[in-house]
Amino acid sequence: MIRMNSHYKKLKASYLFSDIAKRVSAFQEAHPEMPVIRLGIGDVTRALPEACIQALHKAVEEMASEATFRGYGPEQGYAFLREAIARNDFQSRGCAIEADEVFVSDGAKCDTGNFQELFSTDIAIALPDPVYPAYLDTNVMAGRTGVFSDGRYSGLIYLDGTKDNGFVPPVPDQPVDLIYLCYPNNPTGATATRAQLQEWVDFARAQKALILFDAAYEAFITDPAIPHSIYEIPGAREVAVEFRSFSKTAGFTGTRCAFTVVPKDCKVYDEDGAAHSLHALWNRRHCTKFNGVAYPIQKAAEAVYSPEGKAQVQAIIQGYLENASVIRNAMAALGFDCVGGDNSPYIWVDGRSDSWEFFDRLLKNAGVVCTPGAGFGRCGEGYIRISAFNSRENVDKAMARIQKALA
Ligand code: PLP
C-alpha cells in the first residue's frame, strides 16, 4: 500500500486566491458594465526589457547551430551570469560575495521552499506573521510543525508584525535555529534598517542559527539608507543565505530565473556539534535535484546587467514605484494608515475592518481587486495588500473609483 506523507494533511488549504477568483467572477457576471481592475496578485504586467529580448533571440539562434549549441549546462549556472551577479549585485555594494557562492535557479519560491530540506526536522523555526506562504507550507510538509489551530501551527515561533513594530518584528526572547526574513516585505512592503538587520545577524551568530533572507523585492529600494543585501551587515557571511529573483526586478515571472547566495563561511552542525559547510550541502542538493536554467534564459538574465539593461530595468521599476506612490497617497488621503509603497511595490492598508469585508467593499463599490491581509497570517487580519503591478492608467482609474466609492 502506498502511504502518503501525512504531514500534508496538516496543511491548511489555501483558499485565498481561489476565493478571490470566485468573488471576482461573481461580481463580473453581475456587473459586466464595470470591468474589474486587478491590484491583487503580485504578478508583473510590463514586457521584458528590450536588452533581455535581444539576448534571448541571440541565444536561441546559437542553439540552432552545432558550433554554438549548448546541452546540459552547469547546475549552479553559467559563469557569465554568476560573475555578473556577484560583481553587480554584491561587490559593487562592498559585499564580499564570490561568483561560486551564487547558485542560479528557476525561482526564489523553489529555493526558499527547498532550502529547509538541508536541516533536521527538530530545529526551532522563527517565522514572521504576516508572511509569504511558501516558507510556512514547506516546513509543514516536512513535518516541522504540529497541527493548525486558531490561525497557527504549534511548534513554530511566530514573529508578530504589527503596527506598533512597523511590521518589522524584533528578535525573539527564546532560542531559535532557523529564521526567515523578507525585506522589502511581501505582503507589508516594510523595509528593515541596517541596525535592525544587525540585531538579527548578531542574534544568529550568538545562537549558531541561520537566517534565510528573501530579497526578491530588493530592486524597489530607493532610500539610500536601506541595505539592499544582508551581506552589507558585518558578520552576515557566517549566518545568512540570501534569495534573489529576476521575477519582479526585470519581469521574469513567466521567463523564470533567480539565484541564491550561500557564502562559504556559513556552517551547519551535526548531532555531535561538528560543523559542516552549508555551501557544500546546498551544492550537493542542487546538483542532485536540479538541471540548471536554460542557456537562453541565463543569457537574458545576464543582459539585465548591461548598461542598456540596467537603464531599462530602472525605468520599469520606476513606473511601478510611481503607481505605488499614487495608491499610497490616495489611500492615505481617504484616512487609511498605510505601510510600504515607497521602497516596495506593495501597499499594506489598515482597512479598520475585517480583511474580507474590506475586500468585498472595494470589489462591489469600486470594481477593484486587492488581497485580504488575513490570507498571509493571523496578524494580517484587518489589512489589505494593494499591488502596484499594473499600468498607470489602470492604477489612476482604480484610485479614482475607490475615492468615489469610499469618500
Ligand atoms: N519571495 C517572495 C517574498 C515573493 O513575494 C515571491 C513572489 O511573489 C517570490 C519569492 C517568488 O519569486 P520567484 O518568481 O523567483 O519564484
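This is a predicted model: local features need pLDDT of at least 70, side-chain atom pairs count only at pLDDT 80 or more; totals for chains, interfaces and linings use all residues.
Local features are given where pLDDT is at least 70, side-chain atom pairs count only at pLDDT 80 or more, and totals for chains, interfaces and linings use all residues. Residues are numbered from 1 along each chain as its sequence is written, and side-chain values use heavy atoms, with hydrogens and water left out.

## The ligand and its pocket

Let us start with the ligand. Around the ligand are 15 residues, and Asn186, Asp214, Tyr217, Ser245 and Ser247 come nearest; a residue is near a molecule if one of its heavy atoms lies within 4 Å of it. By class, this shell holds seven nonpolar, four polar and four charged residues. Here Ala, Val, Leu, Ile, Met, Phe, Trp, Tyr, Cys and Pro count as nonpolar, Asp, Glu, Lys and Arg as charged, and the others, Gly among them, as polar.

Polar contacts (pairs of N or O atoms within 3.5 Å) can be followed one by one. The side chain of Tyr217 places a polar atom 2.6 Å from an oxygen atom of the ligand. For Ala108, a polar backbone atom is 2.8 Å from a ligand oxygen, and for Arg256 an N or O atom of the side chain is 2.9 Å from an oxygen atom of the ligand. On its own the ligand has 400 Å² of accessible area, and the protein covers 91% of that; the areas come from the Shrake-Rupley method with a 1.4 Å probe. Two elements give two or more residues to the shell, α4 (108-115) and α8 (246-250); helices (H or I, at least four residues) and strands (E, at least two) are DSSP runs, numbered from the N terminus.

The ligand takes up the space of the largest pocket, in the sense that more than half of its atoms lie within 2 Å of the grid points. On a 1 Å grid over the protein atoms alone, a pocket is an open set with protein on both sides within 12 Å along at least five of seven lines, a cavity is a set of points where a 1.4 Å probe fits but cannot get out, and lining residues have an atom within 4 Å of a point. Grid points are joined across faces, edges and corners, and a volume is the space filled by probe spheres set on the points.

The lining of the largest pocket includes Phe17, Tyr132, Pro133, Ala134 and Phe376, which lie nearest its centre. Elements giving two or more residues to this lining are α1 (16-30), α4, β3 (125-129), α5 (133-141) and α8, and α5 supplies the largest share, seven residues.

## Spaces compared

The whole structure has two cavities of 30 Å³ or more.

| Space | Volume | Lining by class |
|---|---|---|
| Largest pocket | about 1200 Å³ | 25 nonpolar, 10 polar, 11 charged residues |
| Largest cavity | about 70 Å³ | seven nonpolar, three polar, one charged residue |
| Second largest cavity | about 40 Å³ | eight nonpolar, two polar, no charged residues |

## Backbone spots beside the cavities

Asp129, Pro130 and Phe167 are among the residues lining the largest cavity. A cis peptide bond links Asp129 to Pro130, with omega of about 5 degrees, and Pro130 sits in the loop between β3 and α5. Phe167, though not a glycine, has a positive phi of about 60 degrees; its loop runs between β6 (157-160) and β7.

Tyr183 and Pro184 are among the residues lining the second largest cavity. Their peptide bond is cis too, with omega near -10 degrees, and Pro184 belongs to the loop between β7 (178-182) and α6 (194-207).

Terms used: A polar contact is a pair of N or O atoms within 3.5 Å; within protein, one must be able to donate a hydrogen and the other to accept it, and residues adjacent in sequence count only if both atoms are side-chain atoms.
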